[in-house]
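This briefing concerns charged side-chain pairs and helix packing. Please consult the sequence and the coordinates shown below.

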Amino acid sequence: MLLLTFKHIIADFVLQTGWMAHGKDQRKGWALPLLAHCLVHLAVAMVLIVAVAPRFWFVALIDFAIHIVIDRIKGICSYSFRMTPEHPWFWTLIGVDQALHHLTGFFLSIFMAANA
């Protein structure tokens, strides 16, 4: 769980560019920024998982797929309701997004521990 939390911090905050962060939430032109962002998650997850538990390399692919779905749904909500930081639900949406990503890490960690 700590490994996947570290991965999330690095990929979602340290390595995510403004182009990715803003672009993935747009009504049009969202696909490339979203893909780039999620590929960063895939790369960081793959490196860390292969270094610690190489037989679970495929967990990085599962995390990648789930991350795309969560972030796309957040993007749809963001542009549908015109959520800017001034919108009353903006930070709630960010919080739900982050909670879902952390729950993903939690359940993937349980899966790896149960199958170790």
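Are lysine 24 and aspartate 71 buried or exposed? Both residues are buried in this model, which is a predicted one. Their side chains meet in a salt bridge, at 3.0 Å from N to O, and the structure holds 3 salt bridges.

- Lysine 24 is in the loop between helix H2 (18-23) and helix H3 (31-52), whereas aspartate 71 is in helix H4.

**Salt bridge between lysine 7 and aspartate 63**
- Lysine 7 and aspartate 63 form a salt bridge in which the closest N and O atoms are 2.7 Å apart.
- Because lysine 7 belongs to helix H1 (residues 2-14) and aspartate 63 to helix H4 (residues 58-80), this pair ties together parts that are 56 residues apart in sequence.
- Lysine 7 and aspartate 63 are both buried.

**Salt bridge between aspartate 25 and lysine 74**
- In the salt bridge of aspartate 25 with lysine 74, the closest N and O atoms lie 3.0 Å apart.
- Aspartate 25 sits in the loop between H2 and H3 and lysine 74 in helix H4, so the pair ties together parts that are 49 residues apart in sequence.
- Lysine 74 counts as buried because its relative accessibility is 9%, under the 20% cut-off.
- Aspartate 25 has a relative accessible area of 13% and is therefore buried.

- Cysteine 77 is located in helix H4.
- Its relative accessibility of 26% is why cysteine 77 counts as partly exposed, since that class lies between 20% and 50%.
- Cysteine 77 and aspartate 25 are separated by 52 residues in sequence, while their C-alpha atoms are 8.5 Å apart in space.
- When neighbours within four places in sequence are left aside, cysteine 77 is in contact with Met83 and Leu93.

**Helix H3 and its packing**
- H3 comprises 22 residues, and the distance from its first C-alpha to its last is 31 Å, close to the 32 Å expected at 1.5 Å a residue.
- Buried residues of H3 include Pro33, Leu34, His37, Cys38, Val40 and His41.
- Also buried in H3 are Leu42, Val44, Ala45, Leu48 and Ile49.
- The packing partners of the buried H3 residues are H1, H2 and H4.

Note on methods:
Residues are numbered from 1 along each chain as its sequence is written. This is a predicted model: local features need pLDDT of at least 70, side-chain atom pairs count only at pLDDT 80 or more; totals for chains, interfaces and linings use all residues. Side-chain values use heavy atoms; hydrogens and water are left out. A salt bridge is a side-chain nitrogen of Lys or Arg within 4 Å of a carboxyl oxygen of Asp or Glu. Helices (H or I, at least four residues) and strands (E, at least two) are DSSP runs, numbered from the N terminus. Buried means under 20% relative accessible area, exposed over 50%, partly exposed in between (1.4 Å probe, protein chains only). Contact means heavy atoms within 4.5 Å. The expected span of a helix is 1.5 Å times one less than its number of residues.
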